[in-house]
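Below are some notes for a colleague who has not looked at this structure before. Please read them with the model open.

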Amino acid sequence: MVEPTDRPVAGVDYPSRLAQLRAWFATDADCLDYLDWLRWPAGFVCPHCGDTASWRGEDGRRRCRGCDRRVSVTAGTIFQGTRTPLTVWFEAVWLMTVPKNGTSALNLSRVLPIGSYQTSWTMLAKLRSAMSCVDKDKLSGTVEVDEWFHGGVARGGTALTGKNLVVAAVEHGPKGHGYGRVRFGIVSTRSTWELRKVVRAVVVPGALVITDGLSAYQSALAGYRHEVRNESAPDADDPHVLLPGVHRVFSLAERWLLGTHQGGVKREHLQEYLDEFAFRWNRRHASNRGMLFYRLLQHAVAAAPVTYKDLVRVGDAKPVTPAPPGSRALPGTLEADNAHRPWRQRATPQLHPDRSDLRQRHG
């Protein structure tokens with residue numbers, strides 16, 4: 001999907017604050033219209049026949065004049081077939097993109113009307129699949145590259161038992177001020193072939209690549225300008241001084257994985273989580289954080305649909321137990337009637353905190 005040439009404006013193209021988000025998208029119909037606007041910014045184009053003329057039915061779907069098919073806005077996107085109301089989806093997108101540390105599936109299932117942890121995890125995993133398709137432009141200029149061991153427990157030397165080996169590339173900012181974009185890749189070993197594969201995938205040929213003294217980089221960086229900063233030299237500075245950008249990224253990413261996600265990310269999904277971190281890092285200078293909400297939804301309506309089975313990718317996936325016929329309740333929604341100030345229904349407010357729950361908890 002081609003992004004508009006004009007820069008989106010906060011408060012016009014996307015909500016700038018949480019209150020505005022909830023005011024704009026109070027109903028599923030509001031959300032559906034916004035997705036329609038994002039998916040077809042220049043006007044409707046039928047995905048089946050290419051005709052541009054259509055009209056809307058009462059169910060919100062368009063009927064194409066050319067082929068007479070009904071076209072749903074969510075069909076062919078990550079929202080395809082979802083039973084979760086779009087008001088809940090939009091709130092989840094906001095919680096995932098706007099806060100600096102994003103959100104976890106457990107937190108999402110606690111604060112939104114989502115029936116299970118499995119549903120909230122699937123929602124975030126689908127959004128990550130859209131994030132993984134966003135930042136594909138290669139890094140240029142001056143780029144720091146280094147490796148990082150994530151997870152597991154160290155068991156002597158450089159053993160990889162229980163650990164994941166991650167390669168990060170961090171772009172220097174204009175004129176050497178600050179840092180630009182970041183890219184991640186997961187490798188099995190520090191071999192020349194593995195390192196070459198990651199670097200060629202994320203850095204343009206001819207760029208200046210700064211690494212430590214690992215010998216494998218000498219051959220891996222053929223076609224690049226290479227600057228070595230040997231951390232083992234007798235008079236060398238600390239690694240965070242020699243390669244400050246990439247070590248800052250490692251520190252923040254590790255803190256996020258251990259904090260927000262409690263270190264519970266499996267290797268099969270680590271790349272998607274790192275892509276989520278990169279998505280927010282690469283847009284950290286946005287004038288309004290609502291821009292991240294806008295960008296993710298923009299790519300979500302362009303990304304191909306994925307199923308829960310596609311997302312899990314591990315043998316011990318928890319099976320989805322089908323509900324008995326006629327027993328499925330409708331998913332929770334954020335659409336709600338005015339509660340008419342329920343706190344006023346209490347005759348006398350509690351003046352002192354009730355500690356009975358603490359007594360029960362601690363015996």
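**Notes on the model**

1. This is a predicted model. Its second largest pocket holds about 380 Å³ of space. The residues lining that pocket are Lys100, Asn101, Leu252, Arg255, Trp256, Gly259, Thr260, Phe277, Arg280, Trp281, Arg284 and Arg289.

2. Two elements, α9 (244-259) and α10 (267-281), each give two or more residues to the lining of the second largest pocket. The top contributor is α9, with four residues. By class, the lining has five charged, four nonpolar and three polar residues.

3. The axes of α9 and α10 are 11 Å apart, and the helices pack at an angle of about 115°. Their crossing is right-handed.

4. Which residues of α9 meet α10? On the α9 side they are Arg248, Val249, Leu252, Ala253, Trp256 and Leu257. On the α10 side they are Leu270, Tyr273, Leu274, Glu276, Phe277, Arg280 and Trp281. This contact of α9 with α10 has ten nonpolar residues, three charged ones and no polar ones. Some of its members also belong to the pocket lining, among them Leu252, Trp256, Phe277, Arg280 and Trp281.

5. Helix α9 also has a place against a sheet. It lies across β4, β5 and β6, and it runs at about 35° to β4. Helix α6 (residues 192-202) likewise lies across β4, β5 (164-172) and β6, with an angle of about 145° to β6.

6. The sheet in question is open and has five strands, in the order β6-β5-β4-β7-β8, with mixed pairing. Why is one side of β6 and of β8 left without a neighbour? Strands β6 (179-187) and β8 (225-228) stand at the edges and have a single partner strand each, so one side of each has no neighbour in the sheet. From one strand to the next, the twist averages 25°.

7. Strands β4 (residues 142-150) and β7 (residues 208-211) run parallel and are joined by three bridges. Thr142 has Leu208 of β7 as its bridge partner.

8. A separate entry is needed for the three-stranded sheet. It is open, its order is β1-β2-β3, and its pairing is antiparallel. The edge strands, β1 (54-56) and β3 (70-71), each pair on one side only. Between β1 and strand β2 (residues 62-64) there are three bridges, in the antiparallel sense. Ser54 has Cys64 in β2 as its bridge partner.

9. A further helix pair is α3 (residues 86-97) with α5 (residues 117-131). Their axes come within 11 Å and cross at roughly 60°, and the crossing is right-handed. Helix α3 makes the contact through Val88, Trp89, Ala92, Val93, Met96 and Thr97, while α5 supplies Met123, Leu124, Lys126, Leu127, Arg128 and Met131. By class, this contact of α3 with α5 has nine nonpolar residues, one polar and two charged.

Technical notes: Residues numbered from 1 in each chain as written. Predicted model: local features only at pLDDT ≥ 70, side-chain atom pairs only at ≥ 80, totals over all residues. Heavy atoms only, no water. Axes fitted to C-alpha atoms, helices over the stretch in contact; angles between N-to-C directions. Left-handed = near helix turned anticlockwise from the far one by under 90°. Contact = heavy atoms within 4.5 Å. Nonpolar A, V, L, I, M, F, W, Y, C, P; charged D, E, K, R; others polar. 1 Å grid on protein atoms, 1.4 Å probe; cavity = no way out; pocket = protein on both sides within 12 Å on 5 of 7 lines; lining within 4 Å. Points joined across faces, edges and corners; volume = space filled by probe spheres on them. Pairing = 2+ DSSP bridges.
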